[in-house]
Amino acid sequence: MVSIAVLGYGIVGSGVVEVLNANQASIDKRAGIHIRIKYVLDKRRFPGNPVEDILTDDIETILQDPEVKVIAEVMGGVEPAYSWVKKALLCGKSVVSSNKELVAQHGAELLSIAKQMNTNFLFEASVGGGIPIIRPLNESLTADEIYEITGILNGTTNFILTKMTQEGREFEDVLKEAQALGYAERNPSADVEGHDACRKIAILSSLAFGMQVDYEDIYTEGITAISKLDIAYAKKMSCQIKLLATSQKEDQRIFARVSPTMIGSDHPLSTVQGVFNAVLVKGNMIGDVMFYGRGAGKLPTASAVVADIIDAVRHLNQNKICFWSTEKIQMMDLKDAPTRFFVRVAYEDFEGAIKEVENIFGVLEVVRLEEASKEFAIITELETEGLLQEKIEELQQRNGIKIVNRIRIEK
Ligand code: HSE
């Protein structure tokens, strides 16, 4: 028998207990040994709940107990998670975590401590909920040079954009539903402003490229400025608006960005709907590989945590190599990245506005929408982001013209 502890009895923590209890027999078979939850750490009490008898609020009890070999950290937030995980690793325990803030910020350091202590730090559930993506990057795609990862990495925003598209509903209304379903973060601005997806693409990039990618260096834009009319334009062009997180390697530099993006119906990520996430990985030998599944929610996330617990139990006293150094990778300036924009232009005089557009951009595809009066949209050619932003600003300065919105487009 091997004993484990679960830190945090929130949505994911209670899911971990549920998965371990529901699938106990097959989990024990796969682990090769009986896994017993010896402690659940939480400040709160849960009268009448079966975990009541194993609840503690004292981390030292867990850290000092030599029977506890694996700790599942599912509390979220950087502190006290960081201090406790570090201590646990230094005590020789393996740690599995679903905490993307912790992994994005301290992953490289915690992996190096695990290596030094001959234990493991595993974090499959920190990206993509129940989708296996960390282990494939670390263990399956090792023969390739990965040159691009692009994904829909936030279930809440994908759920919101899908409902806005399918049901013509407003942003705030759908956000409330996502919160009620337990998809959104405690502070939903982490979802809708793109910060959650940003941390996840930072983790995937660091793993894929083997060097530290700081999430603060990633340009991040959320979906709060996306309106019903933007979605109507997208539909007219047979596109979907998705919050895409992308990271691409060119020479020795990478360029990374999180932003709402219009994608055509032939894009592999265009059919990903609702709370589902998907990650498209491009390797120089394997070509394109895609991973798809539930990116948020109690049981899918808990399933990934428990899979890590099983892996940690199978590898007690044996460090699994993970290629993520603390050295920072060189980032490309966003201004130098090639982009196309969909731009909504409000005008006083249509002919005059079209002339101004042609003077600045040349002749472009123009899209008109019946329900959008006194405006049209243009789709730019592929140019560097810096140059395009300058041209859009120039257009904005022209008399009688106002830029209503701009969205990156891949079509
Ligand atoms: N709030 C996150 C999401 C949860 O919506 O994807 C999973 O990380």
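This short talk walks through the salt bridges of this predicted model and then through one of its helices.

Before I start, please note that residues are numbered from 1 along each chain as its sequence is written, and that side-chain values use heavy atoms, with hydrogens and water left out. Since we are looking at a predicted model, local features need pLDDT of at least 70 and side-chain atom pairs count only at pLDDT 80 or more, while totals for chains, interfaces and linings use all residues.

Let me begin with charge pairs. Side chains of opposite charge can pair when their charged atoms come close. Here a salt bridge is counted when a side-chain nitrogen of Lys or Arg lies within 4 Å of a carboxyl oxygen of Asp or Glu, and by that rule the model has 32 salt bridges.

One of them joins Asp65 to Lys38, with 2.7 Å between the closest N and O atoms. Asp65 sits in the loop between helix 3 (59-63) and strand 4 (68-73), whereas Lys38 belongs to strand 2 (residues 35-41), so the pair ties together parts that are 27 residues apart in sequence. Helices here are DSSP runs of H or I with at least four residues, and strands are runs of E with at least two, numbered from the N terminus. Both Asp65 and Lys38 are buried, where buried means under 20% relative accessible area, exposed means over 50%, and partly exposed is in between, using a 1.4 Å probe and protein chains only.

A second salt bridge links Arg169 and Glu167 at 2.8 Å, N to O. Arg169 counts as buried at 18% relative accessibility, while Glu167, at 40%, is partly exposed.

In a third, Arg398 meets Glu356 at 2.6 Å, N to O. This pair links distant parts of the chain, 42 residues apart, with Arg398 in the loop between helix 14 (385-397) and strand 19 (401-410) and Glu356 in helix 13 (residues 350-361). Arg398 is partly exposed at 25%, and Glu356 is partly exposed at 21%.

There is also a network of salt bridges, which links Glu124, Arg135, Glu139, Asp308, Asp311 and Lys320.

Now to helix 4. Which residues of helix 4 (residues 81-90) are buried? They are Ala81, Tyr82, Val85, Ala88 and Leu89. These residues cover an arc of only 135 degrees around the axis, which puts them on the same side of helix 4; the arc is taken from the directions from the helix axis to the C-beta atoms. What covers them includes helix 3, strand 4 and helix 5 (100-117), contact meaning heavy atoms within 4.5 Å. Just after helix 4, Gly92 takes a positive phi of about 90 degrees.
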